[in-house]
Amino acid sequence: MIADERQSGEFVARVRDVLDAEPLPGAVVERLATARRRALAEAGAGRRARLRAPGRWLPVGALAATLLAVVLLEHSAPVPAPPLEDDVQLAAVENLELLENLDFAAWMVETDVPDAS
Amino acid sequence: MHSAAPLNRFLEQIEQRAYRIARYAVRDADVALDVVQDAMLTLATRYADKPEQEWAPLFYRILRNAIIDHHRRQRIRAAVFMPWRSRNGADLPAPGELIADGEQAEPEYRARLSGAGERLATALEALPPRQREAFLLRAWEGLDVADTARAMQCSAGSVKTHYFRAVHKLRETLGDDWP
């Protein structure tokens, strides 16, 4: 088993050597190099065209505008925080007591209750 | 911005092996050049921004798809121009049968090959396409099992099976005393 694997490894190495040693015709080598240069040139031209295209920057502009708006809102004049529910209830109770005191004072004036002192 | 230099180096390193792999598959020098050129163009225009270690499996996947497209077009062309052969749909010529003429058109290329190279080329061309592909990508291009599987769009287990069978078949065909 191990000997067979070793022989397979040696065989594959020989195949690789033969493949590497086989020369390609010069015309083919030249055409491959031309094809590579053309592919790279077209890729570069495409990238430049995408960068120049105004539509490319629309999403970037929209995102920047949104971020700017958020920052401006965060740093604008502070808005008083809405009262908490407990505060509202407390204020309501205090107002009720004040109204009751006012009623009591008005009743005292009207009835002319003599001073206890 | 992505620099073109690493991609140029990568393509320069693989272009000749890619051509030979394509040529074993399509058996025509001009078609092989066309599919390699298309694969280079696709990689450069669509996938140049991918990490460099992904380029090889991506490139060979693109090349493989281009070769499959070529065979498909050949079969359709044969069905249109040789309809008597495809009457039952099962009698379409195999891709190798269709492109055998291309092989005869370049005897000077054959003449350049040494005896060992020619025997190897014949043995490689006789392999089933998936076995040949797995063998060349693993043994010659040096892709690992995972990258070969990515390029061939199959599982790692399939790659190992195809590779094992290819080595076995080549050893059987060429003999242990080759070259």
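Is B:Glu15 buried or exposed? At 4% relative accessibility, B:Glu15 counts as buried, where buried means under 20% relative accessible area, exposed over 50% and partly exposed in between, with a 1.4 Å probe and protein chains only.

Before I continue, a word on conventions. This is a predicted model, in which local features need pLDDT of at least 70 and side-chain atom pairs count only at pLDDT 80 or more, while totals for chains, interfaces and linings use all residues. Residues are numbered from 1 along each chain as its sequence is written, chains are lettered from A and ligands numbered from 1 in the order in which they are written, and side-chain values use heavy atoms, with hydrogens and water left out.

I turn to the partner of B:Glu15. Its side chain meets that of A:Arg36 in a salt bridge, at 2.7 Å from N to O; the term denotes a side-chain nitrogen of Lys or Arg within 4 Å of a carboxyl oxygen of Asp or Glu. A:Arg36 is buried too, with a relative accessible area of 7%.

A second pair is B:Asp30 and A:Arg31, whose closest N and O atoms are 3.1 Å apart in a salt bridge. B:Asp30 lies in helix α2 of chain B and A:Arg31 in helix α2 (residues 26–52) of chain A, so this pair joins two chains. Helices here are DSSP runs of H or I with at least four residues, strands are runs of E with at least two, and both are numbered from the N terminus. B:Asp30 is partly exposed at 45% relative accessibility, and A:Arg31 is partly exposed at 41%.

Next, the interface as a whole. The contact, defined by heavy atoms within 4.5 Å, takes 41 residues from chain B and 29 residues from chain A. Together the two chains bury about 3,400 Å², 65% of it on carbon and sulfur atoms; this is the accessible area (1.4 Å probe) that two parts lose on being put together, summed over both.

Finally, consider a pair inside chain B. B:Arg72 forms a salt bridge with B:Asp69, at 3.3 Å between the closest N and O atoms. The two residues are 3 apart in helix α3 (residues 55–81) of chain B, and are therefore separated by about one helical turn.
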